[in-house]
Amino acid sequence: MAGRHNKVGLDYFELDCLLNDKIRLIQAEFGLKGFAIIVKLYQKIYGGKGYYCEWNEDILLLFLVENGLDSDSKNLINEIVQACIRRDIFSEALYKKFGILTSFGVQKRYLNAVSKRERVELKKEYLLLNAGENNKNVVINSISEGINTISDVRNEHSRVEKSREENKNILCKTDAIALFERLWKLYPCKRGKGKVTEKKKMELLAFGEEQMVRCVERYKAELKKDAAWRKPQNGSTFFNSGYVDYLDENFAPTPAVKDKQSAFHNFKERSYDYNELQRKLTNI
């Protein structure tokens, strides 16, 4: 007797009544069509693989047919998808590397929805969050090797340790990307995201999330203190090198720069008795 097939997708998903700024910007740019396409993409993700969907020209054509759209809508949908990637509604890194649409939020909501399922299989290269540590029903497989790297409770402890060690580098890269995505959301000037390399993201991971969050918050505090003259660096500048000055071992708060006053500004206005002055001038 064949084993029971494990359900993958969801029958329904949560949709917030209050839209976040990213989705509101898509709606502002493309109108209600933009919002509708995002909802349809979420349906495709959650109803299919659950935490991601593949996206390419062939899938776009099927997407048109499935939603009753004509070929003239192809360019519009492509523009909306690219805008979603640009605004970090979907992960740019995973789209470019694997041709998939997903995000940290999508994956988190999916895992919450399937928390009571007996077994949930995920691909480690597609993940933006640590899924296996606190989810005993989760099995993480490699898209290239097809082996488990984090086992569920039924696997032996030795196999878990061996798999983790074999895939350490890949998992570290996934953690680094996920950490960078969270830090990027905290940073005030979101420019140059694509200029932050994987190597730099690994360096950020080495310093740890708590310290890197402190770096961002320290920098933002100094910007606020010097708001009269100071503007934020591009995100790429900060995460490639600028954060170094704000690490625990390097950071020293700088005093706020006060406006310098010239001798003219320091001059105190005097009051005169003009009648007395006129009298003195007349008697000279």
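Start by selecting Cys189: this residue is buried, with a relative accessible area of 11%. Buried here means under 20% relative accessible area, exposed over 50%, and partly exposed in between, using a 1.4 Å probe and protein chains only. Next, pick Cys84, also buried, at 0%. Then look for disulfides, meaning pairs of cysteine sulfur atoms within 2.5 Å. By this rule the count is zero.

A word on the model. It is predicted, so to speak, under set limits: local features need pLDDT of at least 70, side-chain atom pairs count only at pLDDT 80 or more, and totals for chains, interfaces and linings use all residues. Residues are numbered from 1 along each chain as its sequence is written, and side-chain values use heavy atoms, with hydrogens and water left out.

**Whole chain**

Zoom out. The protein chain holds 13 helices and five strands. These are DSSP runs, numbered from the N terminus: helices are H or I with at least four residues, strands are E with at least two. The chain has 284 residues, and 36% of them count as buried. Its accessible surface is about 18,300 Å², with 51% belonging to carbon and sulfur atoms. That area comes from the Shrake-Rupley method with a 1.4 Å probe. Now consider contacts, defined as heavy atoms within 4.5 Å. Among those with a separation of 6 or more, 59% join residues 24 or more positions apart.

**Glu181 and Asp88**

Select Glu181 in helix H8, residues 168-186. Glu181 is buried, with a relative accessible area of 6%. Show its contacts, leaving aside neighbours within four places in sequence: they are Asp88, Ser91 and Lys193.

Move to Asp88. It sits in the loop between helix H4 (74-86) and helix H5 (92-98). Asp88 is buried too, at 13% relative accessible area. Check its backbone: phi is near 70°, a positive value in a residue other than glycine. Most residues other than glycine have a negative phi.

**Helices H1 and H2**

Finish with helix H1 (residues 21-30) and helix H2 (residues 32-47). They pack at an angle of about 130°, their axes 6 Å apart. Axes are lines fitted to C-alpha atoms over the stretch in contact, and angles run from 0 to 180 degrees between N-to-C directions. H1 and H2 are therefore oblique to each other: under 35 degrees is roughly parallel, over 145 roughly antiparallel, 65 to 115 roughly perpendicular, and the rest oblique.

Display the side chains where they meet. H1 brings Ile23, Ile26, Gln27 and Phe30. H2 brings residues including Leu32, Phe35, Ile38 and Tyr42.
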